[in-house]
Amino acid sequence: RETIRKDLDSLAQNKKIGRVHGGAYSLNYNESVPYTTRDKMLNPEKNHMAGFASSLIKDGSTVFFDSSTTSIRVLKRLIADDKKVTVITNSIECITLTIQSKNITLYTAGGFLGKDSLSFTTEFTDDYNRFNADYAILSPSGVDIKCGITDKDPNESKVRGTFMQRAKETYLIMDHTKVGTIAPFAVGSLSQIDGIITDSIDNPTLWHDVAEKYSLFFKETGK
């Protein structure tokens with residue numbers, strides 16, 4: 001058992017895998033992994049990104065949140081900072097978090113309950129077109145220079161795309177495993193977003209050039 005632990009620690013130090021309490025995971029994980037497992041991954045990185053994203057959101061704002069574990073960290077930080085916001089979401093976890101918060105007003109459109117993703121999904125996003133927001137906080141499966149913003153789930157991609165269209169500003173909160181990744185379903189283009197927040201990547205100069213081209217910001221928060 002001790003040998004296995006040492007082997008896992010060595011692989012983690014060489015960035016071949018990630019470590020969580022009691023186990024390990026591939027750094028090539030995606031949203032097909034159950035929510036409860038994803039929520040344990042890259043904890044320090046997600047918290048750093050969430051802290052920066054929360055600082056961008058003004059008190060009294062309306063915010064779209066997708067069902068990603070990273071976006072949920074942003075909401076947790078907003079609650080901890082006692083910010084008063086209106087939340088529009090398809091996330092069960094968001095709904096649960098806001099029940100005890102007096103500063104959060106929440107709206108959701110419902111749909112089919114995905115038990116692994118802990119989210120409501122639907123092929124028809126007309127209900128979300130009734131809403132407008134100051135910000136959209138999204139963490140889809142991938143962002144790529146050529147293919148733009150993509151997702152592994154056809155229905156989640158539609159919800160995220162609608163959030164982008166109805167928000168004044170859209171921020172992608174994506175760890176390094178998602179930057180440069182392409183998933184099967186299109187969400188939107190880089191021209192539709194206002195910023196990318198990540199932890200730390202190998203080619204930041206390239207992405208800073210992309211940010212300049214599309215007039216958006218690119219922020220590395222560190223690990």
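Mentor: Let us begin with A50, which is buried, with a relative accessible area of 3%. Buried means under 20% relative accessible area, exposed over 50%, and partly exposed in between, with a 1.4 Å probe and protein chains only. Please note that this is a predicted model, in which local features need pLDDT of at least 70 and side-chain atom pairs count only at pLDDT 80 or more, while totals for chains, interfaces and linings use all residues. Residues are numbered from 1 along each chain as its sequence is written, and side-chain values use heavy atoms, with hydrogens and water left out.

Trainee: Which helix does A50 lie in?

Mentor: A50 belongs to helix α3, residues 43-56. Helices (H or I, at least four residues) and strands (E, at least two) are DSSP runs, numbered from the N terminus.

Trainee: And what does A50 touch?

Mentor: Leaving out residues up to four places away in sequence, A50 touches R73, V74 and R77. Contact here means heavy atoms within 4.5 Å.

Trainee: How many helices and strands does the protein chain have?

Mentor: The protein chain has seven helices and 14 strands. Of its 223 residues, 49% are buried. Among contacts with a separation of 6 or more, 63% are between residues 24 or more positions apart.

Trainee: What is the strand order in the open sheet of seven strands?

Mentor: The order is β5-β4-β3-β8-β11-β13-β14, with parallel pairing. Two strands pair if DSSP finds at least two bridges between them. The edge strands, each pairing on one side only, are β5 (104-107) and β14 (217-220). From one strand to the next, the twist averages 20°. Axes are lines fitted to C-alpha atoms, for helices over the stretch in contact, and angles run from 0 to 180 degrees between N-to-C directions.

Trainee: Is β4 enclosed or open, and why?

Mentor: β4 is largely enclosed by the rest of the structure, because four of its five residues are buried. β4 pairs with β3 in the parallel sense over four bridges, and with β5 in the parallel sense over four bridges. V87 of β4 stands opposite V63 and opposite L106 in β5.

Trainee: How does the chain cross from β4 to β5?

Mentor: The chain passes through helix α5 (residues 92-98), and this β-α-β crossover is right-handed. A crossover is right-handed if, with the strands pointing away from the viewer, the path from the first strand over the helix to the second runs clockwise. A right-handed β-α-β unit is also made by β3, helix α4 (residues 69-80) and β4.

Trainee: Moving along the sheet, how many residues of β8 are buried?

Mentor: Five of the six residues of β8 are buried, and the strand is mostly covered. Three bridges pair β8 with β3 in the parallel sense, where Y135 in β8 stands opposite V63. β8 also runs parallel to β11, joined by five bridges, and I137 has Y171 in β11 as its bridge partner.

Trainee: What about the β14 end?

Mentor: β13 (residues 195-198) runs parallel to β14, with four bridges between them. I196 has F218 in β14 as its bridge partner. Helix α7 (residues 204-214) lies across β13 and β14 and runs at about 155° to β14.

Trainee: Changing topic, which residue caps the N-terminal end of α6?

Mentor: D153 caps that end of α6, with a side-chain oxygen 2.9 Å from the backbone nitrogen of N155. α6 has 13 residues and reaches 19 Å from its first C-alpha to its last, close to the 18 Å expected at 1.5 Å a residue. The expected span is 1.5 Å times one less than the number of residues. The buried residues of α6 include N155, E156 and F163.

Trainee: Finally, what is the pairing in the open sheet of three strands?

Mentor: The pairing is antiparallel, in the order β9-β10-β12. Its edge strands, each pairing on one side only, are β9 (142-144) and β12 (185-188). The twist averages 35° from one strand to the next. β10 (residues 148-151) and β12 run antiparallel and are joined by three bridges, and D151 stands opposite F185 in β12. α6 packs on this sheet, touching β10 and β12, and its direction makes about 10° with that of β12.

Note on methods
Polar contact = N/O pair within 3.5 Å; in protein donor to acceptor, adjacent residues only side chain to side chain.
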